[in-house]
Amino acid sequence: MKTINYVGKSVEEILEQFKSEHDVLEGEYEVNVIDKGTHGIFGLFARDAVVEITITNKYYERKLKEFLEEIFKRFGADYYIEIASRGKTFIATCHSEEIGKLIGKHGKGLGALQHLANIYLNRLTDTKVTVIIDAGNYREKRREQLVKIVEAAVERARKFGKVKLDPMFAFERKIVHELAKKHKDIHTYSEGLEPYRYVVIEARRRGRNNEDRKHFRNATT
């Protein structure tokens, strides 16, 4: 996720420098020794060591968990947080008896927390990563709600031509696009700017292929 190149008198010296500069634990980084270096003979022909150190997902998982735990502490609630990752995606599952406080009305609290977590973790990495936060199985329950919303909207779109849904979070819009795909006579796209971005569900008509392609780039955002 983040690779740092070091040059020093020895591999051991480089590792000490790396550990002093970064809050890492054993098992949270990988070392690739490019050149062990040499002291030479009486100082002659000496060569510096060159080491490539990569901070792994384990480090970012720990930092994300610590970040979320600090927020839960401020709520004064008992909690349990699980962190998993695959590639550049980090999933945090939060458990608490008072999870409703975190989720907030219509999931706004959960969305805000996920936004902050994404900003926090991306500041630690060299490449863009994605943080997904779930609490109290909210996302599963929300998907069930979205299934009903999409089915009703599809019927209205067939009748009236086009339906604009209420503004949604990015993960919700993605679910809407996926659910609508099974309807061959329907296409969807997103419009508006965050946090007011919404999905349009539209019935396909003859001669609309060009417009469908125009909106395709927004199909999953």
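**Contacts, ring pairs and helix packing in a predicted model**

Among contacts in the protein between residues at least 6 apart in sequence, 58% join residues at least 24 apart; contact means heavy atoms within 4.5 Å. The structure is a predicted model, in which local features need pLDDT of at least 70, side-chain atom pairs count only at pLDDT 80 or more, and totals for chains, interfaces and linings use all residues. Residues are numbered from 1 along each chain as its sequence is written, and side-chain values use heavy atoms, with hydrogens and water left out.

The protein has seven helices and nine strands. Both are DSSP runs numbered from the N terminus: helices are H or I with at least four residues, strands E with at least two. Of the 221 residues, 40% count as buried. Buried means under 20% relative accessible area, exposed over 50%, and partly exposed in between (1.4 Å probe, protein chains only).

A search of the whole structure finds five aromatic pairs. Rings of Phe, Tyr and Trp (its six-membered ring) pair if their centres lie within 6.5 Å; planes under 30 degrees apart count as stacked, over 60 as edge-to-face and the rest as tilted. One of the pairs joins Tyr-6 and Phe-18 edge-to-face, at 6.2 Å centre to centre and 80° between the planes. Tyr-6 lies in strand 1 (residues 2-8) and Phe-18 in helix 1 (residues 11-21), so the pair ties together parts that are 12 residues apart in sequence. Tyr-6 is buried, with a relative accessible area of 5%. Phe-18 is also buried, at 0%. A further edge-to-face pair is formed by Tyr-59 and Tyr-60, at 5.0 Å centre to centre and 80° between the planes. Both Tyr-59 and Tyr-60 are buried. Ring pairs also link Tyr-6, Phe-18 and Tyr-29 into a cluster.

The axes of helix 2 (residues 57-75) and helix 4 (residues 108-122) come within 11 Å and cross at roughly 140°. Helix 2 is therefore oblique to helix 4. Axes are lines fitted to C-alpha atoms, for helices over the stretch in contact, and angles run from 0 to 180 degrees between N-to-C directions. Angles under 35 degrees count as roughly parallel, over 145 as roughly antiparallel, 65 to 115 as roughly perpendicular and the rest as oblique. Residues of helix 2, including Tyr-60, Phe-67 and Ile-71, meet residues of helix 4, among them Leu-113, Ala-117 and Tyr-120.

Helix 6 (residues 170-180) is mostly covered, with eight of its 11 residues buried. Among them are Phe-171, Arg-173 and Leu-179.
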